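Here is a short briefing for a first look. Keep the sequence and the model side by side as you read.

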Amino acid sequence: MIALIPLLLLVSACSGDLSTLAPAGPASRKVALLWWVMLGGACAIFMLIAVLLALVFFSPASLARVKTHHWLVGGGIGFPIPSLTALVAFSFMQGESLLPQSGSDPLRIYAVSRMWKWEFAYETPTGEVRISDVMHMPVGRDVIVEVTSDDVIHSFWVPRLGGKIDAIPGLSNKIALRADQTGTFGGICAEYCGTGHVGMSFRVVAHTESEFSKVIGGLGQR
């Protein structure tokens, strides 16, 4: 248990505007849950190996009674296959649930990346509205962000709201987001794209539905 103290101290620092462990929406909670499950699985495997290693040094006679083929079958098949299969299956299920679902009526936002900025576009009754480096969205409503690039490959990521997706020239990739609380969340390009990559960030502002309508309406009147 003492060996886990440094790990707990590190995890306690995993918070802030760009932390996946401080989720503010259903998609990001699934990502955080996947992280915790993978961490738990890795720790369980590590502890088992640590116990066996301790027995080798402090009680070799207890291990000597186990036949060789039992070690091969148990350690090479019986333990890794079920544990890794469970972790991989869980990760696939979580990943599948993060995909945009049909049947809902989401708000669509179009994100265009270019070195080294982001542009977000909205369809309104009076025409298209565009804004740079700030994405506005309503709280409690599903949002589909269609992401593309005008030059090289970038990657759209808002850690507290969901996973990340590549912005590829000539293609439109979709990611589903939803914010459960108002506030401002940090977003970054998660794919190295040149000398200006480190500064290629943006903000996501989650408003109440009425405030969101006012903001987008105001942008359309500029």
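## Helix packing

Helix H2 (residues 26-58) packs with helix H5 (residues 80-97) at an angle of about 175 degrees, and their axes are 10 Å apart. An angle over 145 degrees counts as roughly antiparallel, so H2 and H5 are roughly antiparallel to each other. The model is predicted.

**The H2 and H5 contact**

- H2 contributes Lys30, Leu33, Leu34, Val37, Met38 and Gly41 to the contact.
- H5 contributes Leu87, Phe90, Ser91, Gln94 and Ser97.
- By type, the residues of this contact divide into 6 nonpolar, 4 polar and 1 charged.

**The sheet**

- An open sheet holds 5 strands in the order E3-E2-E1-E5-E8.
- Pairing in this sheet is mixed.
- Strand E3 (127-132) and strand E8 (173-177) stand at the edges.
- Each of these two has a single partner strand, so one side of each is left without a neighbour in the sheet.
- On average, neighbouring strands of this sheet are turned by 25 degrees against each other, direction ignored.

**Strands E1 and E2**

- Strand E1 (residues 107-114) and strand E2 (residues 117-124) run antiparallel.
- They are joined by 6 bridges.
- Arg114 has Lys117, in E2, as its bridge partner.
- Trp116 lies in the loop between E1 and E2.
- The peptide bond from Met115 to Trp116 is cis, with omega near -5 degrees.

- Asp133 lies in the loop between E3 and strand E4 (134-138).
- Its phi is near 65 degrees, a positive value in a residue other than glycine.

**Cysteines**

- How many disulfides does the structure hold? The count is 0.
- Cys189 is in no disulfide, and its nearest cysteine sulfur, that of Cys193, is 3.9 Å away.
- Cys193 is likewise in no disulfide, with the sulfur of Cys189 as the nearest cysteine sulfur, 3.9 Å away.
- Cys189 is buried, with a relative accessible area of 5%.
- Cys193 is buried too, at 7% relative accessible area.

Key:
Residues numbered from 1 in each chain as written. Predicted model: local features only at pLDDT ≥ 70, side-chain atom pairs only at ≥ 80, totals over all residues. Heavy atoms only, no water. Pairing = 2+ DSSP bridges. Helix = DSSP H or I, 4+ residues; strand = E, 2+ residues; numbered from the N terminus. Axes fitted to C-alpha atoms, helices over the stretch in contact; angles between N-to-C directions. Parallel < 35°, antiparallel > 145°, perpendicular 65-115°, else oblique. Contact = heavy atoms within 4.5 Å. Nonpolar A, V, L, I, M, F, W, Y, C, P; charged D, E, K, R; others polar. Disulfide = S-S within 2.5 Å. Buried < 20%, exposed > 50% of the residue type's maximum accessible area, 1.4 Å probe, protein only.
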